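Biologist: I would like to go through this model term by term. For each label, please give the value and the cut-off behind it.

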Amino acid sequence: MLVSRILVAVLVGLLAVGPAFGRTSAIDSCQKRIHDVDPSRSLFVTERAVLEHPDMFTLEDLLNEIAEDSGDPTLDALTIWKQWWDTQNEDIPGESLELGAHCDDQVDPQDPSVRTINGFPIDCPRNEGREVGLNPFGGDAAHYALIALVNRFDLAPEKGENCGEYRAIFARVGGSGGGSGGGGIDPGGLGGPVPIDAVLKGDPIGTRSQGAQDAEGSERGGVIFAGDRNLVIFEAVLPNPSRRCGLNGCRAIAEHWEKLSTQAFDDPGDRARALKTFFIDGLEEKRVEPVVKLAHYSKGTGQIRTNQFMSSDFSDETVLPQEWQLREFKLAQLCTAGPNPRCKLRVVPVSVKVNPFVGLFGTEHASSAAFKDDFVDQVVNLRKRNLNTFGLQVKNLYNAGQSTSEDDREFYTDMLVREPDAQFERDIEAAAFPANLSAAQILNRAHVNSCAGCHEPIDTDLGDGLVWPGSLRFTHVSESSESPPGHFEISEALRDVFLPHRERVFERYLNNRPCRKCTPAYLAGSMEPVSTPSSAIVVGEGESLTIRSDELQALDAALKEGVSERNLGGSSRVH
């Protein structure tokens with residue numbers, strides 16, 4: 001009997017170190033196996049030899065894949081790019097591209113001068129609208145380069161409705177902003193280059209020092225930063241190729257990323273090709289769809305987010321001083337009905353998720369009372385004693401259209417002083433019991449779950465001895481510096497807090513194969529369809545191929561109804 005058990009253990013061990021990317025065994029054993037991945041290879045890839053390898057995909061490749069999916073034979077990568085950034089321009093007759101949405105399409109009915117997304121005010125126009133005139137694929141001095149590929153398997157819902165998110169991060173490099181080399185960048189009109197380290201730390205150029213501003217208390221807004229920096233993040237939700245197996249249906253995806261940490265993939269070129277296969281081609285033999293697919297950034301699935309810093313050209317009076325800001329977009333494939341549909345792709349601005357509009361924490365907004373009731377119910381999740389697992393769910397009707405850093409008007413705690421009877425504060429502290437947390441500490445925890453708060457928290461008093469870790473001044477990966485050598489630098493928050501947690505979650509999944517047998521579809525020879533919602537939105541034959549932000553968000557919310565709220569990482573955090 002002992003000999004039999006030893007033989008089984010040896011066989012299991014051989015399977016664990018079998019041929020790279022080989023077919024997994026259909027035998028589902030509850031024998032525990034030890035898996036140990038390298039986060040820099042299997043979770044957050046920033047190695048330049050991999051990302052800049054000739055076999056790696058580019059931004060142009062990614063957008064061309066989406067264009068091919070669109071059903072519009074006239075569409076190409078550059079047209080998608082132009083339509084995307086024209087969403088941050090006003091619709092001016094004779095000047096607009098007229099390819100899709102503009103930032104002044106939706107306004108406050110009480111004050112048409114206030115432009116909105118999801119009913120909340122946005123800055124319009126933004127300097128990033130100038131990107132319609134840029135060839136981002138390398139034709140101009142400034143272009144967009146791949147700086148990270150990210151495995152967010154930890155965001156897979158616990159019931160396996162999907163297999164998490166897979167992200168590609170591109171940054172604007174070269175030209176007058178955010179360069180990828182040299183000793184400095186020329187922000188324009190300042191008489192020479194500015195040290196990159198100063199720019200990355202967010203030191204204001206041509207304004208008061210940050211220290212002076214901090215000393216003045218509330219005057220944190222209006223800072224102009226050097227460099228036309230802009231980061232874009234494609235965040236695809238990948239469908240489960242074998243939904244009937246629950247989360248175990250995602251095992252082939254996890255094993256693909258795990259193998260990048262093995263000796264068989266020590267060559268950066270091999271890793272580049274394996275990642276390109278995963279993102280662009282998919283794992284066809286295992287029925288895993290490519291990450292880059294229009295449907296994976298559309299209604300009911302993933303999103304595209306931007307981290308925007310373009311405000312450096314002081315010599316041009318048409319360029320507005322503006323604050324660092326995050327925005328969110330979805331893709332919409334609009335098609336006419338009938339046997340020969342006509343389709344158009346639209347990049348649509350949507351609300352920024354898990355970013356409740358700051359005015360809802362006060363008393364003046366019409367939805368404040370309802371929002372506060374919902375927020376108090378979320379305190380049980382915010383009071384947890386773990387930076388990686390405290391969080392909150394936010395109904396989309398409360399999400400803002402933008403998330404802005406360095407603006408004291410965005411800080412949730414500032415709204416407490418406006419409460420005439422402090423009832424909201426008392427309700428929060430009652431819900432926080434038995435944790436000894438103040439209402440301000442709970443609101444700070446909500447703030448660091450927002451995009452701006454996660455990337456650049458101002459007040460990090462979270463209570464229970466927790467301190468939010470630092471970013472690289474509003475980014476978690478840098479396009480302009482290397483640390484360690486040969487890698488784009490990542491933040492302290494990623495290195496010391498987020499990635500160790502994601503590694504534990506990922507390895508725990510790999511180590512624990514369930515005893516309940518469920519042969520994945522690709523091993524069973526099943527033709528079970530992969531459960532990807534169609535990206536197409538069908539309109540009537542005579543209707544316009546356009547869609548408003550609120551209409552797309554309603555479709556998105558309906559398709560996500562019923563998906564388990566908890567993910568493998570234990571938090572709702574999406575950044």
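Modeller: Helices are DSSP runs of H or I with at least four residues, strands are runs of E with at least two, and both are numbered from the N terminus. With those names, proline 434 lies in the loop between α11 and α12. Bear in mind that this is a predicted model.

Biologist: What kind of peptide bond joins phenylalanine 433 and proline 434?

Modeller: The bond is cis, with omega at about 10°. Most peptide bonds are trans. Another cis bond joins cysteine 124 and proline 125, where omega is about 0°. Proline 125 sits in the loop between β4 (120–121) and β5 (143–152).

Biologist: Why are α11 and α12 called roughly perpendicular to each other?

Modeller: Helix α11 covers residues 423–432 and helix α12 residues 439–449, and they pack at an angle of about 80° with their axes 8 Å apart. Roughly perpendicular means 65 to 115 degrees, and α11 and α12 therefore get that label.

Biologist: Which residues make the contact, and how does it divide by class?

Modeller: Glu425, Ile428, Glu429 and Ala432 contribute from α11, and Ala439, Ile442 and Leu443 from α12. Ala, Ile and Leu count as nonpolar and Glu as charged. The contact of α11 with α12 therefore has five nonpolar, no polar and two charged residues.

Biologist: What makes α12 largely enclosed by the rest of the structure?

Modeller: A residue is buried when its relative accessible area is under 20%. In α12, 10 of the 11 residues are buried, so the helix counts as largely enclosed. The buried ones are Ala439, Gln441, Ile442, Leu443, Asn444, Arg445, Ala446, His447, Val448 and Asn449. They pack against α10, α11 and α13 (451–455).

Biologist: How far is asparagine 449 from glycine 391, by C-alpha atoms?

Modeller: The two C-alpha atoms are separated by 6.4 Å, while the residues are 58 apart along the chain. Glycine 391 belongs to the loop between α10 and β13 (403–404).

Biologist: Is glycine 391 buried or exposed, and how do you know?

Modeller: Its relative accessible area is 4%. The limit for buried is under 20%, so glycine 391 is buried.

Biologist: Is valine 354 buried or exposed by its relative accessibility?

Modeller: Valine 354 has 8% relative accessibility, again set against the 20% limit, so it counts as buried. Its place is the loop between β12 (343–350) and α10 (368–382).

Biologist: What is the phi of valine 354?

Modeller: Phi is near 60°, a positive value in a residue other than glycine. Most residues other than glycine have a negative phi. Glutamate 98 is also not a glycine, and its phi is positive at about 60°. That glutamate 98 is found in the loop between α5 (77–86) and β2 (107–108).

Biologist: What makes α8 count as mostly covered?

Modeller: Nine of its nine residues are buried, including Arg251, His256 and Lys259. For the protein, buried residues make up 56% of 575.

Biologist: How confident is the predictor, in pLDDT?

Modeller: The mean pLDDT of the protein is 82, and 79% of its residues reach 70 or more. Over residues 1–28, pLDDT stays under 50, and the model has 35 contacts there beyond four places in sequence. Residues 177–226 also stay under 50, with 105 such contacts.

Note on methods. Residues are numbered from 1 along each chain as its sequence is written. This is a predicted model: local features need pLDDT of at least 70, side-chain atom pairs count only at pLDDT 80 or more; totals for chains, interfaces and linings use all residues. Side-chain values use heavy atoms; hydrogens and water are left out. pLDDT is the predictor's confidence in each residue, from 0 to 100. Contact means heavy atoms within 4.5 Å. Axes are lines fitted to C-alpha atoms, for helices over the stretch in contact, and angles run from 0 to 180 degrees between N-to-C directions. Angles under 35 degrees count as roughly parallel, over 145 as roughly antiparallel, 65 to 115 as roughly perpendicular and the rest as oblique. Buried means under 20% relative accessible area, exposed over 50%, partly exposed in between (1.4 Å probe, protein chains only).
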